[in-house]
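Colleague: Before we talk about how the helices are arranged, could you put the model up so that we can go through it together?

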Amino acid sequence: MAAAAECDVVMAATEPALPDEEGAKREAESFKEQGNAYYAKKDYNEAYNYYTKAIDMCPKNASYYGNRAATLMMLGKFREALGDAQQSVRLDDSFVRGHLREGKCHLSLGNAMAACRSFQRALELDHKNAQAQQEFKNANAVIEYEKIAETDFEKRDFRKVVFCMDRALEFAPACHRFKILKAECLAMLGRYPEAQSVASDILRMDSTNADALYVRGLCLYYEDCIEKAVQFFVQALRMAPDHEKACVACRNAKALKAKKEDGNRAFKEGNYKLAYELYTEALGIDPNNIKTNAKLYCNRGTVNSKLRKLDDAIEDCTNAVKLDDTYIKAYLRRAQCYMDTEQYEEAVRDYEKVYQTEKTKEHKQLLKNAQLELKKSKRKDYYKILGVDKNASEDEIKKAYRKRALMHHPDRHSGASAEVQKEEEKKFKEVGEAFTILSDPKKKTRYDSGQDLDEEGMNMGGEASGPGNFFFQFG
């Protein structure tokens, strides 16, 4: 901040002074010198006080306003500094440092076009002024960053906008507009703590800033704190009734909250069809609200599971975890649907994800159960071999065995080709093997529970002598 680094020691040209004016000028000059001393010590508050005394004594001296502007800039009070810088060049249009400070204030506040005009005027007065040349380049760079950011915001390339605003803020650190745009894009990227921090900093300086209130509400809205979000949107609209973004966000938040609550109510009442419709309508309100939509997808998945539309339920839960890959409830719901559709490998994968995230006894047991079902699914399915349900009675198992044993008995295929005979013999042995296990209550229990059926001498080799004898008893 070269323009603010030094204080002016020259006095503006004035008309011949009267004797009492000479005394006032000497006193003003003394105040200015004391101000310069405090400025050199970086005691900017005291410097400000003495420059103000100098201005009070001699209000038409451009350099006094210039010095006070420099002090205010060092205190970060660019808007107040701008007023003093502008007054200094009104009093003396040839005051180069006054134009530089005016431009610097405009640039710091984000008004790059006005800054360019001030730096251009400084260059007209001193075309070799290196600071004016550099600041003019900086102002044009900010204008370019603004243009790029505007285009990228329309393209929803929010990362690029954040990048542009970070670069612009290096030259315009006091620009609330740039900070707000950055914060809004951070919210759209799901970087809520960063966005909230920027908005909160602005609100500490200006509690009535409608844009900051809007961004604060937007963060809460996207974090599924909809009721609190509405409060901030309403407050923003009180400050700026025509704030279009706050108006749209407030409307969406209220509609989303109402639809979700109606859907929850219908679900609790057992009206699953209505709940499905309401959750679907809620999902259409705002595709940008990732966290709430993840919950809505999971809720609709739960509805689909109640309606026994398990494939649809799986798809909804998958959409939920795509939006929020930390959403444990969606993983659990999808895993259960995988279990119900006998997709055990997928169920194990989901339960492993859940257990890695939350190592509870319940999650450990769910994983263990899924792993057991996966192990069982990789054995021979004796129920399928006999063509019976897993809840088949002893009599049903016997009848099914007799039917399948007759169907695949070697004597029935003695005239077939060697290949067919071999295949039918294999199936006959499997039928006998299945009946050996399912007709014995103890073995059946161990098979159903997934225990190792080779333990305790259980025969898994397919010898059909026992069942074969039983078959001939039926004959």
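Modeller: A word on terms comes before the packing: axes are lines fitted to C-alpha atoms, for helices over the stretch in contact, and angles run from 0 to 180 degrees between N-to-C directions. Helices (H or I, at least four residues) and strands (E, at least two) are DSSP runs, numbered from the N terminus. This is a predicted model, in which local features need pLDDT of at least 70 and side-chain atom pairs count only at pLDDT 80 or more, while totals for chains, interfaces and linings use all residues. Residues are numbered from 1 along each chain as its sequence is written, and side-chain values use heavy atoms, with hydrogens and water left out.

Colleague: At what angle do helix 12 and helix 13 pack, and how are they oriented to each other?

Modeller: Helix 12 covers residues 210–222 and helix 13 covers residues 226–239, and their axes lie 8 Å apart at an angle of about 165°. Angles under 35 degrees count as roughly parallel, over 145 as roughly antiparallel, 65 to 115 as roughly perpendicular and the rest as oblique. Helix 12 and helix 13 are therefore roughly antiparallel.

Colleague: Which residues of helix 13 meet helix 12, and how do the residues of the contact divide by class?

Modeller: With contact meaning heavy atoms within 4.5 Å, helix 12 contributes residues including Leu 213, Tyr 214, Leu 220 and Tyr 221, and they meet a set in helix 13 made up of Ile 226, Lys 228, Ala 229, Phe 232, Phe 233, Gln 235, Ala 236 and Met 239. Ala, Val, Leu, Ile, Met, Phe, Trp, Tyr, Cys and Pro count as nonpolar, Asp, Glu, Lys and Arg as charged, and the others, Gly among them, as polar. On that scheme, the residues of the contact of helix 12 with helix 13 divide into 12 nonpolar, two polar and two charged.

Colleague: Is Leu 220 buried or exposed, and which residues does it touch?

Modeller: Leu 220 lies in helix 12, and its C-alpha atom is separated by 8.9 Å from that of Phe 232, 12 residues apart along the chain. Buried means under 20% relative accessible area, exposed over 50%, and partly exposed in between (1.4 Å probe, protein chains only). With a relative accessible area of 9%, Leu 220 is buried, and, not counting residues up to four places away in sequence, Leu 220 touches Cys 225, Ile 226, Lys 228, Ala 229 and Phe 232.

Colleague: How many disulfides are found, and where is the nearest cysteine sulfur to Cys 116?

Modeller: Taking a disulfide as a pair of cysteine sulfur atoms within 2.5 Å, a search of the whole structure finds zero. Cys 116 is in no disulfide, and the nearest cysteine sulfur is 14 Å away. At 7% relative accessibility, Cys 116 counts as buried, and its nearest cysteine sulfur is that of Cys 175.

Colleague: How are helix 7 and helix 8 oriented to each other?

Modeller: The axes of helix 7 (residues 112–125) and helix 8 (residues 130–154) come within 9 Å and cross at roughly 160°. Cys 116 is among the residues of helix 7 that meet helix 8, and the residues of this contact divide into 12 nonpolar, three polar and two charged. Helix 7 and helix 8 are therefore roughly antiparallel.
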